[in-house]
Amino acid sequence: MADFTAHDLETAPDAAKPLLEKSKAALGRIPGLHAVMAESPQLLEGYQVLHRLFAESDFDADEKTVVWQAINVEHVCHYCVPAHTGIARMMGVDDAISDSLRNETALPSPKLEALRTFTLAMLRGRGHVDDAEMAAFFDAGYDQRAVLNVILALAQKVMSNYTNHVAETPVDQVMQKFAWSKAA
């Protein structure tokens, strides 16, 4: 495996420095994922923009967590599952939702379960969902905008999950208490 550089404000390419400064200002630190992505300022900027746009979507905190974590768990992302567990806590999401997502057990509401099921159908089908899957999603109370926002999150999470796979990004110290590995 290649040894990917985790940049800081001194070592990052010039175009990435303001992006890392933005991360540090918003989070109080430079997450390891952002430090690795900084090698490609375009990737880091794209990731930050998609993250912001999904965060601004109509989904509430529970729903955002379901979409993000369903993708993270399916991709077996050793970095993003702990990170989004911590993010969920900061957003006030009930630990029962995070635990269900991390352990791939039933979620506490049928609507959230429908969201996870649809997100996974989109992911596994590479965007191809059948009429029954789409109808079940709509019957659960979601609309076309929600479909498109799931696609937005998929794009964002491909960037982060794949980066973490190839770079073997170490889990940030602040998130290590949420360490995760997929059950056998």
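**View A. Helix α3 from end to end.** In this predicted model, helix α3 covers residues 41-55, a run of 15 residues. From its first C-alpha to its last, α3 reaches 21 Å, close to the 21 Å expected at 1.5 Å a residue.

**View B. The buried side of the story for α3.** Look here for Pro41, Leu44, Tyr47, Gln48, Leu50 and Phe54, which are buried in α3. What lies over these buried residues? The cover includes α1 (17-27), α2 (32-37), α4 and α9.

View C. Now we move to helix α9, residues 144-167, where Gln156 is found. Is Gln156 buried or exposed? Its relative accessible area is 0%, and because buried means under 20%, Gln156 counts as buried. Setting aside residues up to four places away in sequence, Gln156 touches Tyr47, Leu50, His51, Phe54 and Trp68. With one of them, Tyr47, there is also a polar contact: the two side chains meet at 3.4 Å. Tyr47 is itself among the buried residues of α3.

**View D. Gln69 and its surroundings.** Our last stop is helix α4, residues 61-74, which holds Gln69. This residue is buried too, with a relative accessible area of 1%. Which backbone oxygen does the side chain of Gln69 reach? That of Val81, at 3.1 Å. Apart from neighbours within four places in sequence, Gln69 is in contact with Cys80, Val81, His84, Thr85, Leu101 and Arg102.

Key: Residues are numbered from 1 along each chain as its sequence is written. This is a predicted model: local features need pLDDT of at least 70, side-chain atom pairs count only at pLDDT 80 or more; totals for chains, interfaces and linings use all residues. Side-chain values use heavy atoms; hydrogens and water are left out. Helices (H or I, at least four residues) and strands (E, at least two) are DSSP runs, numbered from the N terminus. Buried means under 20% relative accessible area, exposed over 50%, partly exposed in between (1.4 Å probe, protein chains only). A polar contact is a pair of N or O atoms within 3.5 Å; within protein, one must be able to donate a hydrogen and the other to accept it, and residues adjacent in sequence count only if both atoms are side-chain atoms. Contact means heavy atoms within 4.5 Å. The expected span of a helix is 1.5 Å times one less than its number of residues.
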